[in-house]
Amino acid sequence: MSIDSIPISILVIALVGLFSLSAFFSGSETALMTLNRYRLRHLADQNHKGALLAQKLLDDPERLIGMILLGNNFINIIITQLATLLGLRLFGDAGLALATGILTLLLLIFGEVMPKTVGALHPERIAFPAAYIYSAMLKVLWPFVWIVNSLVSALLKLFGLSSDSSNRIALSREELRSVVTAAGTTIPKNHVDMLVSVLDLESTTIEDIMIPRSQIYAIDLESDWSDIEDQLSRSNFTRILVYRDSLDQVEGFVHVRKIFPLLRDGYLTRERLESIIRPAYFVPEGVSLTQQLINFREEARRIAVVVDEYGEVQGLITMEDILEEIVGEFSTVPPSLSREILHREDGSASVDGSLHLREINRLLEINLPTDGAKTLNGLITEHLQEIPVPSMTVLINDYPIEIRKTRNNAVKTAIIYPRLIRDSEQDNPNG
């Protein structure tokens with residue numbers, strides 16, 4: 001039986017079947033390649049059979065692509081032969097050109113665009129069933145696939161290219177940050193914020209969030225005993241730094257829990273106070289928050305004295321300060337009632353000049369630059385390049401900042417007004 005004697009209806013049915021196979025190869029290739037690798041790994045860890053097979057196939061993408069292209073090209077060649085035969089039998093020599101035009105359009109629509117679109121939109125629904133078929137095909141066609149891949153690898157090496165895929169899905173911290181931020185509604189926003197904050201700990205140093213030297217509540221052991229007792233009784237802190245003469249001569253910390261019973265009953269003396277001092281734990285200001293969190297755990301400490309390269313005290317850092325960078329403020333007092341930030345009726349805010357810029361940005365939801373100065377006073381002074389005086393107003397990142405009070409050549413209080421909207425932003429609100 002010659003091919004010319006095969007009924008046209010059989011050829012048409014065969015052509016439709018071949019188009020279906022071509023669509024399968026194209027759609028499944030796109031579906032497998034667009035699978036979310038992290039969700040795939042999660043499903044594989046849950047022993048999802050389709051996910052396990054798909055993951056195994058994707059572990060060697062060159063072999064998988066080689067097999068898919070081998071099958072798809074073989075099918076497309078047969079389609080071309082059948083379409084040419086149909087064109088000749090139906091329309092004679094004119095059917096050759098007609099078959100070529102129609103075949104190109106049909107292959108483009110039904111063999112490429114439509115199946116690839118469906119595969120991209122529903123990768124798991126197509127990739128997992130296809131993984132069963134491809135796993136079986138690999139066992140049969142592996143000699144042909146091996147020959148094709150060997151030739152491709154040789155050509156790649158000839159051009160100085162590598163087919164190694166061991167680090168294909170490795171992500172940098174910034175890339176992982178983008179993945180977490182783009183999680184959308186699949187993760188609650190407060191969880192996303194915490195995950196992003198954890199990633200940001202590595203790029204944030206102790207200096208960025210420490211309690212500055214000027215705000216440290218500390219006791220000079222050389223002061224009059226009555227003054228020391230007064231300071232101890234008025235303290236709102238659980239641990240108090242103690243020093244001799246100068247803050248750079250730190251003795252250590254005292255825990256209020258041990259002091260208060262003695263102070264209440266009148267048994268506290270200078271000697272007893274000094275006997276319960278715990279030596280201070282010193283850390284350099286340039287350590288990342290991630291590393292310092294680990295250091296706190298290893299040293300079994302919750303508070304440390306921050307020093308610069310010369311050994312001079314620059315501030316304090318606590319475990320709570322780092323945790324607040326992840327989960328937000330622990331205080332139950334709302335920002336509007338804070339002593340450091342007071343919200344005003346006109347939308348502006350009165351801010352203490354010694355407050356950290358990171359905290360201001362977080363509480364006011366604004367975007368003052370944090371890559372230079374660490375406090376609002378430092379930012380204003382750095383911007384002005386001179387000592388600030390009351391009534392001056394500066395524009396930083398489009399935020400008008402009015403200096404209200406100064407003390408000892410530093411900004412004590414400033415008013416931060418709402419950000420100015422430029423004309424270009426009004427014309428293009430999405431820009």
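Two strands count as paired if DSSP finds at least two bridges between them. In this predicted model, I211 stands opposite L316 in β7. Strand β1 is joined to β7, residues 313-318, by two bridges, and the two strands run antiparallel.

**The open sheet**
- The sheet is open and has four strands in the order β1-β7-β6-β5, with mixed pairing.
- The edges are β1 (211-212) and β5 (282-284); each has a single partner strand, so one side of each is left without a neighbour in the sheet.
- Helix α14, residues 319-327, packs on the sheet and touches β1 and β7. The direction of α14 makes about 65° with that of β7.

- In soluble globular proteins, nonpolar side chains tend to be buried together.
- The largest nonpolar core has 34 residues, and those that touch the most other members are L32, L35, L64, I79 and Y134.
- Two or more residues of this core come from each of α1 (8-33), α2 (37-45), α3 (49-58), α4 (61-91), α5 (94-121) and α6 (123-158).
- Helix α4 gives the most to this core, namely nine residues.

**Y134 and the aromatic residues**
- Leaving aside neighbours within four places in sequence, Y134 is in contact with F24, F25, S28, L32, L57, L64, M67 and I68.
- Two of these contacts, L32 and L64, are listed with Y134 among the residues that touch the most other members of the largest core.
- Y134 also forms one aromatic cluster with F24 and F25.
- With ring centres within 6.5 Å as the rule for a pair, the count of aromatic pairs comes to five.

**Helix α16**
- Helix α16 spans residues 376-384, and its buried residues are L376, N377, L379, I380 and L384.
- Seen down the axis of α16, these buried residues fall within an arc of 165°, so they line one face of the helix.
- The cover over the buried residues of α16 includes the strands β9 (349-352), β10 (393-396), β11 (399-407) and β12 (410-416), and also helix α15 (357-364).
- Q385 follows α16 and has a positive phi, near 60°.

How values were computed:
Residues numbered from 1 in each chain as written. Predicted model: local features only at pLDDT ≥ 70, side-chain atom pairs only at ≥ 80, totals over all residues. Heavy atoms only, no water. Buried < 20%, exposed > 50% of the residue type's maximum accessible area, 1.4 Å probe, protein only. Arc of directions from axis to C-beta. Contact = heavy atoms within 4.5 Å. Axes fitted to C-alpha atoms, helices over the stretch in contact; angles between N-to-C directions. Phe/Tyr/Trp six-rings, centres within 6.5 Å; stacked < 30°, edge-to-face > 60°. Core = buried A, V, L, I, M, F, W, Y, C linked by side-chain atoms within 4.5 Å.
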